[in-house]
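Please read these notes with the sequence and the model open side by side. They are meant for someone who has not looked at this structure before.

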Amino acid sequence: EVEKIQIKITSLGLTESRITADETIQQLFVECRLNNFLAEETPLSLPKPPGGQRIHYNYSTVINVDKEDNQAEREYLKSILLKPELPADSLKFTVVSDPPEDEQDLECEDIGFAYVSLKEIFQEQRDIIEQDIDVFDSRDASAVIGKLTVTVEALNALRSVHEECRND
């Protein structure tokens with residue numbers, strides 16, 4: 001079996017906040033990042049949903065962590081499992097505002113962050129399937145601006161990495 005972490009970004013819903021009120025924020029896409037290795041983003045940016053509604057990305061991606069070709073990613077997973085002092089937020093999802101076509105002078109802006117801990121998946125021995133995770137405001141990390149529904153299937157890969165740690 002190929003060792004991989006399967007990630008799916010299903011949908012995004014926003015609560016009423018500065019984001020829903022801000023008319024310069026119109027289109028949103030989501031980026032997913034594993035530490036410094038890899039950043040994947042939804043190919044589409046979708047119109048910002050009104051508060052209480054959702055936009056659906058249904059975007060899936062795979063991070064391969066096999067020994068042969070992806071040693072760096074694998075070493076990073078080992079470090080997550082072996083070093084309790086490392087920050088637990090190993091997967092970071094960023095909600096990004098994509099400027100409208102006619103406003104090309106505007107930059108893409110990170111408006112919110114959501115996190116999944118691979119360490120926790122391993123500790124609880126449970127993948128995250130279609131789970132709502134909080135999206136925190138990029139300007140105020142204590143404010144939740146919405147929910148991102150994600151799937152992160154990493155347990156098999158983490159078990160395999162852990163097994164390898166034990167054998168090292």
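This is a predicted model: local features need pLDDT of at least 70, side-chain atom pairs count only at pLDDT 80 or more; totals for chains, interfaces and linings use all residues.

1. Residues are numbered from 1 along each chain as its sequence is written, and side-chain values use heavy atoms, with hydrogens and water left out.

2. The largest nonpolar core has 43 residues. Such a core is a set of buried Ala, Val, Leu, Ile, Met, Phe, Trp, Tyr and Cys residues joined through side-chain atoms within 4.5 Å; buried means under 20% relative accessible area, exposed over 50%, and partly exposed in between (1.4 Å probe, protein chains only). The members that touch the most others are Ile-5, Leu-91, Phe-93, Leu-118, Leu-148 and Val-152.

3. Ile-5 deserves a separate look. Not counting residues up to four places away in sequence, its contacts (heavy atoms within 4.5 Å) include Val-62, Ile-63, Leu-77, Leu-118, Val-152 and Ala-157.

4. Helix α2 (residues 71–82) and helix α4 (residues 155–167) have axes that come within 9 Å and cross at roughly 75°. Therefore α2 is roughly perpendicular to α4, a label for angles of 65 to 115 degrees. Among the residues making the contact are Leu-77 and Leu-81 of α2 and Leu-158 and Val-161 of α4. Axes are lines fitted to C-alpha atoms, for helices over the stretch in contact, with angles running from 0 to 180 degrees between N-to-C directions. Helices (H or I, at least four residues) and strands (E, at least two) are DSSP runs, numbered from the N terminus.

5. The charged end of Lys-92 sits over the ring of Phe-113, 4.5 Å from its centre. The rule asks for NZ of Lys or CZ of Arg within 6 Å of the ring centre and within 35 degrees of the ring normal.

6. Gln-125 is in the loop between α3 (118–124) and β8 (128–137), whereas Glu-130 lies in strand β8. Gln-125 is partly exposed at 35% relative accessible area, and Glu-130 is also partly exposed, at 39%.

7. Ala-143 belongs to strand β9 (residues 140–153) and is partly exposed, with a relative accessible area of 23%. Leaving aside neighbours within four places in sequence, Ala-143 is in contact with Val-135, Phe-136 and Asp-137.

Notes:
Angles under 35 degrees count as roughly parallel, over 145 as roughly antiparallel, 65 to 115 as roughly perpendicular and the rest as oblique.
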